[in-house]
Amino acid sequence: MNAPGAARVLVADDEHSIRFVLRETLEAAGHQVVDVDSGDAALAELAGGDFAIAFFDIRMPGAGGLELLDHLKGMGSDVAVVIITAQNTFENAVEAMKRGALDYLVKPFATGQIAPLVEKALRTRALAREVRELRREVSGAAPKERMVGFCPAMLEVFKTVGRVSRSDVPVLIFGESGTGKELIARAIHFASTRAEAPFVAVNAAAIPRELLESELFGHERGAFTGAVEARPGRFREASGGTLFLDEIGDMPIELQAKLLRVLQSGELTPVGGRRPESVDVRILAATHRDLDQAVAAGGFRQDLLYRLNVVPITVPPLRERREDVEPLALHFLARYDRELTGGAHVLSERALARLAAHNWPGNVRELENAIKRALVLAGGEMLSPEDFHFLDSAEREEEAEFERALVREVRAALESGERGPGGSLYRELLARFERPLFQAALAHTGGNQLRAAALLGINRNTLHKKLGELGVPGARRGANGAGEVQ
């Protein structure tokens, strides 16, 4: 990210020495500074000036720093506020952060603390404005379910959502469980011309395969034992709107053929029905599976994949967008605090650092549940790392499960007597472990072999050779010499 540019900064403190230090430091960095010695003078400046950042003393003549902060929040201003206090008390920290301060400075402070605060404020403000613009393109989703993300990958997702919402093309959303695939689908629907029509979601993995056909296409009375009355099915329930097929990769292969016919013809025949009926439904689908591998293994129809994958959207896992952990945590805190506890909690910096360090195998859903659990069980108003102690046991269990999986794989190979093409059990097992490692590295780098090799710490030619030996599908070198995956 580029270094932040010049900004207008307001400093309000009744101590001349504090104003002098802040002015000298900020102006030396190229910022424009206005300083005042009272809260009332600060209010007058705020009424007539466009400030990016404000430093407010917590106690001074006229309005104090917290009152000025409340005034700005009440106006809907996006001025980033830093509270200055002479008393580093728990109560001051909690109150400042609870009211929406960016941070707080304790007197006396080092001048080296100022530049990082200004950089953080400008970066947060710029990203917040960009996200607001993008959300205007995808407006309509319920406020409690709005998308949160500042990392470049999520900003690209937001932009794609805005673009595809203007047409009726099918969209296939890829991502691990818990990344928010349904939220993306809802955003597309509510930003489209079908927003006033139904949004119907079906999880193909959650419905028994013998009932899924009836669930989707409906059935006529007497079509099968227990069909005592006709049922319209989810396609007809979504008429004029959007049908979201979650975990499409788990749909039985025989049902995929019927879905393909609906996509091709715009007509469906209910179970037990004789005449096809026209349906007007936009299809959005999602999966956590690698559908190219499923096609190669015979578990997914290639022609259906072509139909669904007109516009792909990949939602990155939370461990690859750690800069979004803090805004997501604050979003969930604001969403659930009043609902669960009455609304008095804040997250300490140490707690936020603890959350950012977690690997989040359950992605955004796991973070959401972690915030709710900490809120319910917390002993005080400020959430500390100790309030998230349960994440430590989850990480140990994840590591133990990985080790158990390796042991199971080795034992199975030993018991089966497999020796691989070269007659070497060691090489056969090594190939099994290397294949997912290389696939994950390529997925992380968008198929770029040069970057994947650097990430793994091996030579690019070694990686390319290994991909060929392991039979990783689609491996090739790009025109620029860098390896890519089709």
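Trainee: Why does glutamate 247 count as buried?

Mentor: Its relative accessibility is 8%, and buried means under 20% relative accessible area, with exposed meaning over 50% and partly exposed lying in between (1.4 Å probe, protein chains only), so glutamate 247 counts as buried. This is a predicted model, in which local features need pLDDT of at least 70 and side-chain atom pairs count only at pLDDT 80 or more, while totals for chains, interfaces and linings use all residues. Residues are numbered from 1 along each chain as its sequence is written, and side-chain values use heavy atoms, with hydrogens and water left out.

Trainee: Where is the place of glutamate 247, and what is noted about its phi?

Mentor: Glutamate 247 is in the loop between E8 and H10, where helices (H or I, at least four residues) and strands (E, at least two) are DSSP runs numbered from the N terminus. Its phi is near 50°, a positive value in a residue other than glycine. Most residues other than glycine have a negative phi, and most peptide bonds are trans.

Trainee: Which helix holds asparagine 363, and what makes asparagine 363 count as buried?

Mentor: Asparagine 363 lies in helix H15 (residues 363-377), and because its relative accessibility is 0%, asparagine 363 counts as buried. Although asparagine 363 is not a glycine, its phi is positive, at about 60°.

Trainee: Is the peptide bond from lysine 107 to proline 108 cis or trans?

Mentor: That bond is cis, with omega near -10°, and proline 108 lies in the loop between strand E5 (103-106) and helix H5 (114-137).

Trainee: How do you know whether isoleucine 248 is buried or exposed, and what is isoleucine 248 in contact with?

Mentor: Isoleucine 248 has a relative accessible area of 0% and is therefore buried. Contact means heavy atoms within 4.5 Å, and, leaving aside neighbours within four places in sequence, isoleucine 248 is in contact with Leu172, Leu259, Ala285, Ala286, Thr287, Leu291, Phe300 and Leu308. Isoleucine 248 lies in the loop between strand E8 (242-246) and H10.

Trainee: Which residues touch the most other members of the largest nonpolar core?

Mentor: A nonpolar core is a set of buried Ala, Val, Leu, Ile, Met, Phe, Trp, Tyr and Cys residues joined through side-chain atoms within 4.5 Å, and among the 31 residues in the largest one, Leu216, Phe235, Leu243, Leu245, Ile248 and Phe300 touch the most other members. At least two residues of this core come from each of strand E6 (171-174), strand E7 (199-203), H8, E8, H10, strand E11 (282-287), helix H11 (291-296) and helix H12 (302-308). The most is given by H10, with four residues.

Trainee: How do you know whether H8 and H10 are roughly parallel or roughly perpendicular to each other?

Mentor: Helix H8 (residues 209-217) and helix H10 (residues 253-265) pack at about 10°, with their axes 10 Å apart; axes are lines fitted to C-alpha atoms, for helices over the stretch in contact, and angles run from 0 to 180 degrees between N-to-C directions. Angles under 35 degrees count as roughly parallel, over 145 as roughly antiparallel, 65 to 115 as roughly perpendicular and the rest as oblique, and H8 and H10 are therefore roughly parallel. In this contact, Arg209, Leu212, Glu213, Leu216 and Phe217 of H8 meet Glu254, Leu255, Lys258, Leu259 and Val262 of H10.

Trainee: What makes H18 roughly perpendicular to H19?

Mentor: Helix H18 (residues 449-456) packs against helix H19 (residues 460-470) at an angle of about 105°, with axes 9 Å apart, and that angle makes H18 roughly perpendicular to H19.

Trainee: Why is the aromatic pair of phenylalanine 217 and phenylalanine 235 called stacked?

Mentor: Rings of Phe, Tyr and Trp (its six-membered ring) pair if their centres lie within 6.5 Å, and planes under 30 degrees apart count as stacked, over 60 as edge-to-face and the rest as tilted. With 5.5 Å centre to centre and 10° between the planes, this pair is stacked. Phenylalanine 217 sits in helix H8 and phenylalanine 235 in helix H9 (residues 234-237), 18 residues apart. Phenylalanine 217 is buried at 0% relative accessible area, and phenylalanine 235 is buried at 2%.
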